[in-house]
Amino acid sequence: FISLLFFFFFFQAEDGIRDAQESRGLGDVYKRQLPALGTLYFFKDDLGVGPVGATSAIAIVNLPWTLKPIYGYISDNYPIYGMRRKPYIVGSMLFMCLMWLCMATFIHDKYSAIFCLIFANLGAAIANVCCEAITVELTCDLNYKQAALLQSYLWGSCAAGAFVGSAFGGFVLEAIGKRWMFGIMSFIPACSAISTILAPAETAISDEAKVATESFSAFATKIVAVLVESHVWRACIFLFIFFAVP
């Protein structure tokens, strides 16, 4: 549980690689500052990317976040050394660390930067899915009060990390520059990976669970069945319009 708190704290502190855009409100103000500022000015000042190019880049690097159900399917059905969460979290966090190190050192063109940010987002999305799954699994054996308390702690950890990222993002960018900020960003997922490694050992799945894998076609059928529900696709349309407008 403590490892989950550390993960969500560091994850929110570096959150923003997928949202280098104008804020919609207080939530975005405090959640999306630390790397977003550095990334935005890196594209604008160092790479000479105009507004159209920057907008297109943001849309492209966001794509891995649209495939979160697939990452959940993979982690559920393809365990690594009998574990469905920890190896994926550690691997994705270390992959994020590598991508930010590349951004901090030898990336000098927009296509390489987009490539690194896409895969940094991929690592972040995979880790996010696995940690959300752990949260759900932890609440299965809890009563309502305990589950609510767990959610409160996790959201409090997110808010604390987000506040740190927002409060110090602009100061760090001005004090040390974009490249060094990217270097700091490589340190944050490394901290998340370490906290995951130090967490209690994940319970290995049973032999029955190993053979009870779900085919991708069955998984896709379930997804489609949910999406065709009227209250689901209407909500999806609303959210699409909400996030599509300035």
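This report describes the helices, nonpolar core, aromatic pairs, salt bridges and one surface patch of the structure shown above.

The structure is a predicted model, in which local features need pLDDT of at least 70, side-chain atom pairs count only at pLDDT 80 or more, and totals for chains, interfaces and linings use all residues. Residues are numbered from 1 along each chain as its sequence is written, and side-chain values use heavy atoms, with hydrogens and water left out.

**Helices and burial**

The chain has eleven helices and zero strands; helices (H or I, at least four residues) and strands (E, at least two) are DSSP runs, numbered from the N terminus. Of the 246 residues in the chain, 41% are buried. Buried means under 20% relative accessible area, exposed over 50%, and partly exposed in between (1.4 Å probe, protein chains only).

Helix H4 (residues 51-61) has Ala 54, Ala 57, Ile 58 and Val 61 as its buried residues. These residues lie on the same side of H4 because they cover an arc of only 100° around the axis, the arc being that of the directions from the helix axis to the C-beta atoms. Val 52 and Thr 55, on the other side of H4, are exposed.

**Nonpolar core**

The largest nonpolar core has 36 residues. Such a core is a set of buried Ala, Val, Leu, Ile, Met, Phe, Trp, Tyr and Cys residues joined through side-chain atoms within 4.5 Å. Phe 42, Phe 43, Ile 89, Trp 100, Met 103, Ile 107 and Ala 113 have the most contacts inside this core. Helices H3 (34-46), H4, H6 (86-105), H7 (110-139) and H8 (144-197) each supply at least two of its residues, and H7 gives the most, with 13 residues.

**Aromatic pairs**

There are ten aromatic pairs. Rings of Phe, Tyr and Trp (its six-membered ring) pair if their centres lie within 6.5 Å; planes under 30 degrees apart count as stacked, over 60 as edge-to-face and the rest as tilted. The pair of Phe 42 and Phe 43 is edge-to-face because the ring centres are 6.4 Å apart and the planes are at 85°. Both residues are buried. Phe 238 and Phe 242 form a stacked pair, with 6.2 Å centre to centre and 20° between the planes. Phe 238 and Phe 242 are four residues apart in helix H11, which separates them by about one helical turn. Phe 42, Phe 43, Trp 100 and Phe 182 form one aromatic cluster.

**Salt bridges**

The structure holds four salt bridges, each a side-chain nitrogen of Lys or Arg within 4 Å of a carboxyl oxygen of Asp or Glu.

Arg 85 is buried, with a relative accessible area of 5%, whereas Asp 76 is partly exposed at 35% relative accessibility.

**Surface patch**

Trp 233, Ile 237, Phe 240, Ile 241 and Val 245 make a nonpolar surface patch of about 500 Å². Phe 240 is located in helix H11 (residues 230-244) and is exposed, with a relative accessible area of 62%. Patches are made of residues with over 30% relative accessible area and no salt bridge: like charges are joined within 9 Å, nonpolar side chains (Val, Leu, Ile, Met, Phe, Trp, Tyr) within 5 Å.

Methods:
Accessible areas come from the Shrake-Rupley method with a 1.4 Å probe; for residues, only the protein chains shown count as cover.
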